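Please keep the model open beside you as you read.

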Amino acid sequence: MGLFNVYQLFDITPVRAQDVFIYDENDVEYLDLYGGHAVISVGHSHPEYVARLSDQLSKIAFYSNSIQNPLQEEMAEKLAKLSGCADYDLFLCNSGAEANENALKVASFATGKHKIIAFKNSFHGRTSAAVAATDNPKIVAPLNAQQEVIFCELGDVAAVQKALETGDVCAIIVETIQGVGGLDEADTSFFHEIYSLSRKHHCLIIADEVQSGFGRTGDFFAFQKHDWTPDLIPIAKGMGNGFPVGGVLIHHDIKASFGMLGTTFGGNHLACAAVNAVLDIIETEQLMQAATDMSAYFLDQIKDIPEIKRVKGRGLMLGLEFDFPIADLRKDLILNHHIFTGNSKNPNLIRILPSLTVQKSHIDTFVDALKTALKTAVQ
Ligand SMILES: Cc1ncc(COP(=O)(O)O)c(C=O)c1O
């Protein structure tokens, strides 16, 4: 049997990793400034994370959601404390797409409506409603295209209003900072205006924090900078530091009923151990503050690089925009300088999404490599 060939792969085979470094089978060291799509939050194989998962594995790894699992309540309490989002309940699942799918379902159940408003350049995952709300027709199968989704320009309040006036809208789904799309972010007034429109038209707002959440921007959630209250907050990626886990924070105004949502694996004991360890490490190592500090240092170090035309994003969710396609530059950084960075839908933009434990010396290594690589970049 072969592998279903859907990924374009670099010819690199990691066999172990530690903090911000990855090592291949020949022990070549790579600096990881991408965290496997923003997943690594507290560092690869953090000793406490490894100890807590190992301990849990030796006790009980899994049982379904038909028994008491106090680790889930422990997670909800820690999440409320660290994020300040005390007015929400938690539903656990296994990935970012599932988190958004469940958030959209809750919005539809709660309102009795079915249309979705999403934004151009969005990415919400690959399950049915989530992928329909993703602005990339290439990954939407005819089966998914049955969902009714209206795509608006990010930041265009009038377009959202017009879409709401068509009626039957259950949810507006928005990434506070677009990840895959290329780090664009609407301004505070946009979030406030669409929130008040959503109240008028009785639909719910979903702030997709799958990529931007869990301290990555220096706030626990990126939306908090804009001071508003989403109805639903899907989370994943940094939540498990590599353990597959997702969830939705659901505002107390929305009432649960037995059987409304469900999952076999979601919230299993191992996943809870991973997330609880991540939350404790973020708190004890003050990684939200570290994200803010390292971001400031990063921005300072790159400010005099003339080829960088624009820097987008916040905290340790950054996009460096050039005026030429970055594919070759990124390849050079990986293959010749042994540094992982990310790409996006914007062909001119490099994404920087390191572990929140990244240090000044790692940033210096990157900046030196970038300067060297730019001298030889195909422009
Ligand atoms: C903002 C956002 N939402 C949802 C997803 C989907 O997450 P997953 O790949 O875990 O299904 C992603 C993945 O990149 C994302 O960036």
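What radius of gyration would a compact globule with 379 residues have, and what does the protein have? A compact globule of that length would come near 21 Å, and the protein has 21 Å, which agrees. Here the radius of gyration is taken over C-alpha atoms, and the globule rule is 2.2 Å times the number of residues to the power 0.38.

A word on ground rules. This is a predicted model, in which local features need pLDDT of at least 70 and side-chain atom pairs count only at pLDDT 80 or more, while totals for chains, interfaces and linings use all residues. Residues are numbered from 1 along each chain as its sequence is written.

**Overall build**

The C-alpha trace spans about 55 × 55 × 45 Å along its principal axes. Eleven helices and 14 strands make up the secondary structure; these are DSSP runs numbered from the N terminus, helices being H or I with at least four residues and strands E with at least two. Of the 379 residues, 47% count as buried, meaning that 20 or more other C-beta atoms, placed from the backbone, lie within 10 Å of a residue's own.

**Strands to look at**

Strand 8 (residues 204-208) is largely enclosed by the rest of the structure, because five of its five residues are buried. Leu204, Ile206 and Asp208 lie on one side of strand 8, with Ile205 and Ala207 on the other. In a regular strand the side chains alternate between the two faces of the sheet.

Two strands pair if DSSP finds at least two bridges between them.

Two pairings can be set side by side:

| Strands | Sense | Bridges | Partners |
|---|---|---|---|
| Strand 7 (residues 169-175) and strand 8 | parallel | five | Glu175 and Asp208 |

**Around the ligand**

Now to the ligand. Of the 15 residues around it, Ser95, Gly96, Ala97, Gly125 and Val210 come nearest; a residue counts as near if its C-beta atom, placed from the backbone, lies within 6 Å. Helix 4 (residues 96-111) gives the most to this shell, with three residues. The shell divides into five nonpolar, eight polar and two charged residues. In this grouping Ala, Val, Leu, Ile, Met, Phe, Trp, Tyr, Cys and Pro are nonpolar, Asp, Glu, Lys and Arg are charged, and the others, Gly among them, are polar.

Key:
Buried ≥ 20, exposed ≤ 12 C-beta atoms within 10 Å, placed from the backbone.
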